[in-house]
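Hi there,

Here is the structure I promised to pass on. Please have a look at it first, and then read my notes below.

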Amino acid sequence: MKECLKLISERRSITFFDPTRDVPDEIIKEILEISSTAPSGYNIQPWEVIVVKDKEKKKQLKDICYGQQKVEDASANIVFIANTRAGFEHVDKVLDSWIDLGYIPAENRDALRERILEGWKDKEKAKRKAIRDTAFFCMTVMITARAYGLETHAMEGFDEDKLKEFLNIDREKIVPVVLAIGYKHPQKHLLPRAYRFKFEEFGEII
Ligand SMILES: Cc1cc2nc3c(=O)[nH]c(=O)nc-3n(C[C@H](O)[C@H](O)[C@H](O)COP(=O)(O)O)c2cc1C
C-alpha cells in the first residue's frame with residue numbers, strides 16, 4: 001500500500017533523462033501490456049501506441065515536439081494514439097470474450113453490439129471516448145513505469161499534423177499525448193513540485 005502511494009505521489013515530470021541508459025524493448029512491452037489492464041468504456045481499449053526508440057527518429061521527433069530536448073535524451077517516446085473507430089474495430093473481440101467467459105448469454109450479443117456501437121457513430125462522441133480511455137491508459141503507463149524504476153514525462157507540445165505524417169498515422173485518429181520514458185539523469189535535480197490545488201478548491205462531497 002505504502003509503496004503504491006509512493007509510486008503515485010512521488011511521480012514527477014522528468015525534464016532530464018540520462019541519455020546513456022537504454023530501456024530494453026522487452027521491458028517497454030511488459031509495461032505497456034500490464035498497463036493495458038487499464039479500464040475503458042465497454043472494454044473497447046481504443047488506444048494504440050508507436051514507441052520511438054531509434055536515435056535518428058528521436059531527433060526528428062524532437063523537432064516535431066518543438067525542440068524539447070527530453071525527447072532525444074529519453075530512452076524512448078511512446079506516442080499514444082486514440083482510435084476514433086475502435087468501437088467498430090474492437091467490438092467483436094470484446095463480445096466474443098464476454099460470451100466465452102459467461103458475462104453475457106450468446107443471444108444478447110446483437111442487442112449489446114448495437115448499444116455499444118451507438119456510442120461510436122457520432123464522430124464527436126467517438127473522439128471523446130477514444131481520448132478519455134487513452135488518457136487512462138497513459139496514466140497507468142506512467143505509474144507502472146515507476147514500479148520498474150523508470151520515469152516519464154507527458155507532452156502535449158507537438159505539431160500533431162507533422163507527427164501523423166512522420167509516423168504515418170491515419171488522419172481520423174488523434175494523438176492526445178507523447179510520453180518520454182527512461183532513467184532520470186543522476187546529476188540533474190528537478191525544482192520542487194509546484195502548487196497543487198487543495199480538495200476544498202477543486203472538490204466537494206455532497
Ligand atoms: C497531457 C500533458 C501534457 C504536457 N505537456 C508538456 C509539454 O509539452 N512540455 C513540458 O515540458 N511539460 C508538459 N507537461 C508536464 C506538466 O507541465 C507537468 O505535469 C506539470 O507542470 C506538473 O509537474 P509534475 O508532473 O512534475 O508534478 C504535460 C503534462 C501533461 C499531463
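At what angle do helix 5 and helix 6 pack, and how far apart are their axes? Before the answer, please keep in mind that this is a predicted model.

**Helix packing**

Helix 5 covers residues 86-100 and helix 6 covers residues 109-121; they pack at an angle of about 150 degrees, and their axes are 10 Å apart. Angles over 145 degrees count as roughly antiparallel, so that is how helix 5 and helix 6 lie to each other. The crossing in which helix 5 passes helix 6 is right-handed.

A second pair to look at is helix 1 (residues 2-9) with helix 7 (residues 123-147). Here the packing angle is about 120 degrees, with 9 Å between the axes. Helix 1 and helix 7 are therefore oblique to each other. Their crossing is right-handed.

**The chain as a whole**

Starting at the N terminus, the elements follow the order α-α-β-α-α-β-α-α-α-β-α-β-α. The C-alpha trace spans about 60 × 45 × 35 Å along its principal axes.

**Around the ligand**

Which residues surround the ligand? They are Arg-11, Arg-12, Ser-13, Gln-68, Lys-70, His-153, Ala-154, Met-155, Glu-156, Gly-157, Arg-193 and Arg-196. Sorted by class, this shell holds 6 charged, 4 polar and 2 nonpolar residues. Strand 3 (residues 151-155) contributes the most to the shell, giving 3 residues.

- Arg-193: an N or O atom of its side chain is 2.5 Å from an oxygen atom of the ligand.
- Arg-12: a side-chain N or O atom is 2.8 Å from an oxygen atom of the ligand.
- Ala-154: here a polar backbone atom is 3.1 Å from a nitrogen atom of the ligand.

How much of the ligand does the protein bury? On its own the ligand exposes 630 Å², and 60% of that is buried by the protein.

Best wishes

Terms used
Residues are numbered from 1 along each chain as its sequence is written. This is a predicted model: local features need pLDDT of at least 70, side-chain atom pairs count only at pLDDT 80 or more; totals for chains, interfaces and linings use all residues. Side-chain values use heavy atoms; hydrogens and water are left out. A residue is near a molecule or strand if one of its heavy atoms lies within 4 Å of it. A polar contact is a pair of N or O atoms within 3.5 Å; within protein, one must be able to donate a hydrogen and the other to accept it, and residues adjacent in sequence count only if both atoms are side-chain atoms. Accessible areas come from the Shrake-Rupley method with a 1.4 Å probe; for residues, only the protein chains shown count as cover. Helices (H or I, at least four residues) and strands (E, at least two) are DSSP runs, numbered from the N terminus. Ala, Val, Leu, Ile, Met, Phe, Trp, Tyr, Cys and Pro count as nonpolar, Asp, Glu, Lys and Arg as charged, and the others, Gly among them, as polar. Axes are lines fitted to C-alpha atoms, for helices over the stretch in contact, and angles run from 0 to 180 degrees between N-to-C directions. Angles under 35 degrees count as roughly parallel, over 145 as roughly antiparallel, 65 to 115 as roughly perpendicular and the rest as oblique. A crossing is left-handed if the near helix is turned anticlockwise from the far one by less than a right angle, and right-handed if clockwise.
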